[in-house]
Amino acid sequence: MVTHSLVSVVDDDESVRESLPDLLKEFGFAVQAFSSAEEFLASDCIEQTRCLILDIAMPGMSGPDLQLELTQRGQDIPVVFITAHGDDTVRPRLLRQGAVECLFKPFSDTALLAALNAALHAD
Amino acid sequence: MTANELDHQVAQRTSELAAANEELKKEIAERKSAEARLRHEEMELRRSEARKAAILDSALDCIVTIDHEGNITEFNPAAERTFGYRRAEVMGKNLADVIIPPSLREQHLKGFARYLATNEAHVLGLRIETTGMHADGTLFPVELAVTRIPLDEPPSFTGFLRDITERRWAEEELRRSETFLAETRRLSSTGGFSKRIATGEIRWSAEIYEMFELDPAEPLTLERILTRVHPEDIHSFNEMLDRQERGVDYEHDYRLLMPDQSVKYLHVVAHASCDQNGELEYYAAVQDVTQRRLAEAALAKVRSELAHLTRVTSLGAMTASIAHEVNQPLAGIITNASTCLRMLAADPPNVAGARETARRTIRDGNRASDVITRLRALFGRKEATVETVDLNEAAREVITLSLSELHRHRVVLRQEFADDLPPVMGDRIQLQQVILNLLLNASDAMSTIDDRPRRLMIRTERDEDDHVRLMVQDVGIGFDPQSVNRIFEAFYTTKNGGMGIGLSVSRSIIESHRGRLWAAPNDGPGATFAFSLPRQSGGVIRASSHDGGWTSAVTDTPQISRQP
């Protein structure tokens with residue numbers, strides 16, 4: 001396990017921003033949480049982020065929009081999408097577009113850990 | 001001849017002369033008296049003639065006399081006016097040829113001949129109604145009385161005639177008016193009553209006796225009436241009696257409970273006036289609105305079912321949104337619980353961290369529970385209730401539930417809620433249903449818009465006439481102004497998969513709240529849907545509950561013109 005790699009969480013839901021970082025810290029990661037794509041883009045964490053846990057539907061810029069923006073900026077950060085919209089058609093499309101994983105809320109800690117390991121391994 | 005003889009002869013002659021002279025004097029006196037009597041009689045006759053002429057001339061009725069051959073011997077000015085002939089034109093002419101219509105002439109001549117032959121009269125001394133003919137040939141109804149002039153031999157007759165066209169017309173009008181009134185009362189199930197307040201004397205029309213199923217033969221008393229008033233409406237009935245004492249106009253809705261336990265709904269509109277003696281008297285129309293109430297109740301039920309159907313339809317449309325609302329807290333719960341277990345499994349266990357994550361688990365559990373509660377309130381089957389509703393609060397709740405759905409459709413929502421918005425009275429869930437419907441429609445209308453931000457504005461504000469308005473504005477595909485009325489029709493839809501009942505149900509909900517729902521194209525792209533509701537103080541609102549929202553109530557009505 002890679003220790004202290006920075007995982008950034010971008011989700012407009014406050015309880016996710018509250019609970020997910022604690023779990024990620026238990027996994028041994030360093031964590032930063034952002035309430036919107038715009039906030040993340042404005043931060044100085046992009047360079048250090050080893051994995052991005054990204055909500056799909058958010059007011060303003062959506063998760064996939066952010067992924068596209070990062071790709072265009074040449075920032076090739078592995079992305080694990082999380083979504084509360086359990087739409088089966090969404091996952092294959094996102095995986096095709098380069099996402100490491102797409103987890104439907106609620107997801108288990110093991111599923112999350114597996115996705116993170118895959119993301120960091122790919123890195 | 002002796003002197004004595006001569007004297008005797010002279011004396012005798014003198015005496016004879018004297019006697020003759022006396023006779024002559026007497027005769028002269030008698031003749032004078034006879035002449036005087038004759039002069040007096042002549043004068044009397046002239047006076048009588050003058051009186052008769054005056055009567056003939058000034059009589060309001062036509063007076064026509066005929067001799068035994070039916071020829072006209074008198075034709076007074078009233079007859080001239082009525083029949084259009086000059087007296088001189090008709091004098092001596094046969095009556096049958098002048099004022100009797102051709103169709104009645106034979107009958108007249110036969111009757112006349114029969115009378116002369118047998119003295120058998122069918123018309124003499126009677127007041128009959130027949131038809132007369134004007135000089136211009138027009139026919140008109142006349143009233144006729146014929147008398148035989150006493151003394152005259154051969155017989156002659158006087159006819160008194162009167163044109164009764166106007167009376168007939170008035171009678172016909174009265175009859176029509178009465179029929180009209182009776183028919184109207186029957187058709188509208190309306191009865192009338194009057195009540196003198198000082199004496200308590202009440203008069204009912206036949207319809208009210210039928211409504212109350214009381215015997216018109218028995219005396220009408222308040223006690224008898226009260227035996228029929230529904231026990232639950234006695235209070236409003238007494239309130240109505242108080243109003244009568246005060247002499248104000250009123251409307252009154254109350255129910256009757258009949259001996260067979262059936263219920264009748266009555267609507268009364270009453271007007272107070274004063275009679276010639278200044279006594280207060282009420283005139284009122286009473287309508288049996290039972291059928292209407294039942295129809296309204298049935299309509300309310302259908303509306304409620306439709307509203308439910310719409311809600312269920314919206315529920316389908318919102319499944320993803322609802323899943324999102326529930327999955328968010330579930331994600332929190334599972335993440336927190338996982339974290340909690342890991343903290344407890346650590347060596348040493350992180351008890352403080354575990355306690356915090358457990359606390360968050362409970363909080364997220366409650367959050368999920370709240371979502372379910374809101375969903376059940378909005379989509380569950382529930383009787384309509386009337387309560388004070390803050391439209392801002394109601395709209396915010398709906399927005400909370402639909403926000404993620406709106407976000408999913410990339411809708412940018414702007415909220416402009418008036419701070420000082422007065423509350424309205426109504427069924428909160430039904431009103432929220434309308435708001436939800438307007439929001440989802442607006443979102444749908446923008447689902448194909450990609451060349452501009454999908455802006456949706458929801459705004460509340462005070463409206464004129466003590467109303468409160470809520471409007472939802474989108475920048476979507478809009479609608480054809482020509483179909484503005486059709487979009488409110490049931491089963492009219494422009495959406496794939498839409499049932500087309502949302503707007504029609506929404507409008508019926510708003511109208512049952514005495515409000516108005518309308519749509520208008522924007523100056524720019526898109527459309528604006530808005531509704532306006534009377535604020536709370538605007539009187540009793542009848543929400544669409546299953547009995548049609550009926551309440552027994554007496555209300556004052558504006559005083560209409562009062563008799564002096």
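This is a predicted model: local features need pLDDT of at least 70, side-chain atom pairs count only at pLDDT 80 or more; totals for chains, interfaces and linings use all residues.
Helices and strands are taken here as DSSP runs, of at least four residues for helices and at least two for strands, numbered from the N terminus. Of the 123 residues in chain A, 42% are buried, and among its contacts between residues at least 6 apart in sequence, 57% join residues at least 24 apart.

Within chain A, Met61(A) lies in the loop between β3 (49–55) and α3 (63–72). Because Met61(A) has 17 C-beta neighbours inside 10 Å, Met61(A) counts as partly exposed, burial requiring 20 or more. When neighbours within four places in sequence are left aside, the residues in contact with Met61(A) are Ser36(A), Ala37(A), Glu38(A) and Leu66(A). For Glu38(A), which is 23 residues away along the chain, the separation from Met61(A) between C-alpha atoms is 6.9 Å.

The contact between the two chains takes 20 residues from chain A and 23 residues from chain B. On the side of chain B that touches chain A, at least two residues are supplied by each of α11 (319–345), α12 (351–379) and α13 (391–408), with α11(B) giving the most, 17 residues. By residue class, this side of chain B comprises eleven polar, eight nonpolar and four charged residues.

The largest nonpolar core has 42 residues, and those with the most contacts inside it are Val10(A), Ile53(A), Val79(A), Val80(A) and Phe81(A). Elements of both chains each supply at least two residues of this core, namely β1 (6–10), α1 (14–27), α2 (37–42), β3, α3, β4 (79–83) and α5 (109–122) of chain A together with α11 of chain B; the element that gives the most is α11(B), with seven residues. Phe81(A), leaving aside its neighbours within four places in sequence, is in contact with Leu54(A), Ile56(A), Gly63(A), Leu94(A), Ala99(A) and Cys102(A). A second, separate core of 35 residues includes Val434(B), Ile435(B), Val505(B) and Ala519(B). In soluble globular proteins, nonpolar side chains tend to be buried together.

In chain B, five strands form an open sheet of mixed pairing, in the order β12-β14-β15-β17-β16. Its edge strands, each of which pairs on one side only, are β12 (411–417) and β16 (516–521), and neighbouring strands of the sheet are turned against each other by 15 degrees on average, direction ignored. The antiparallel pair of β16(B) and β17(B) (residues 527–534) is joined by six bridges, and Trp518(B) stands opposite Ala530(B) of β17(B).

Strand β1(B), residues 62–66, pairs with two further strands of chain B. It runs antiparallel to β5(B) (residues 157–163), to which five bridges join it, with Thr65(B) opposite Thr158(B). Three bridges also join β1(B) to β2(B) (residues 72–75), again in antiparallel fashion, and here Phe75(B) is the bridge partner of Val64(B). The strands β1(B) and β2(B) form a hairpin with five residues between them, and Gly70(B) in its turn has a positive phi of about 90 degrees. The covered face of β1(B) carries Cys62(B), Val64(B) and Ile66(B), whereas Ile63(B) and Thr65(B) lie on the uncovered one. In a regular strand the side chains alternate between the two faces of the sheet.

Methods
Residues are numbered from 1 along each chain as its sequence is written. Chains are lettered from A and ligands numbered from 1 in the order in which they are written. A residue is buried if 20 or more other C-beta atoms lie within 10 Å of its own, exposed if 12 or fewer, and partly exposed in between; C-beta atoms are placed from the backbone. Two residues are in contact if their C-beta atoms, placed from the backbone, lie within 7 Å. Two strands pair if DSSP finds at least two bridges between them. Axes are lines fitted to C-alpha atoms, for helices over the stretch in contact, and angles run from 0 to 180 degrees between N-to-C directions. Ala, Val, Leu, Ile, Met, Phe, Trp, Tyr, Cys and Pro count as nonpolar, Asp, Glu, Lys and Arg as charged, and the others, Gly among them, as polar. A nonpolar core is a set of buried Ala, Val, Leu, Ile, Met, Phe, Trp, Tyr and Cys residues joined through C-beta atoms within 7 Å.
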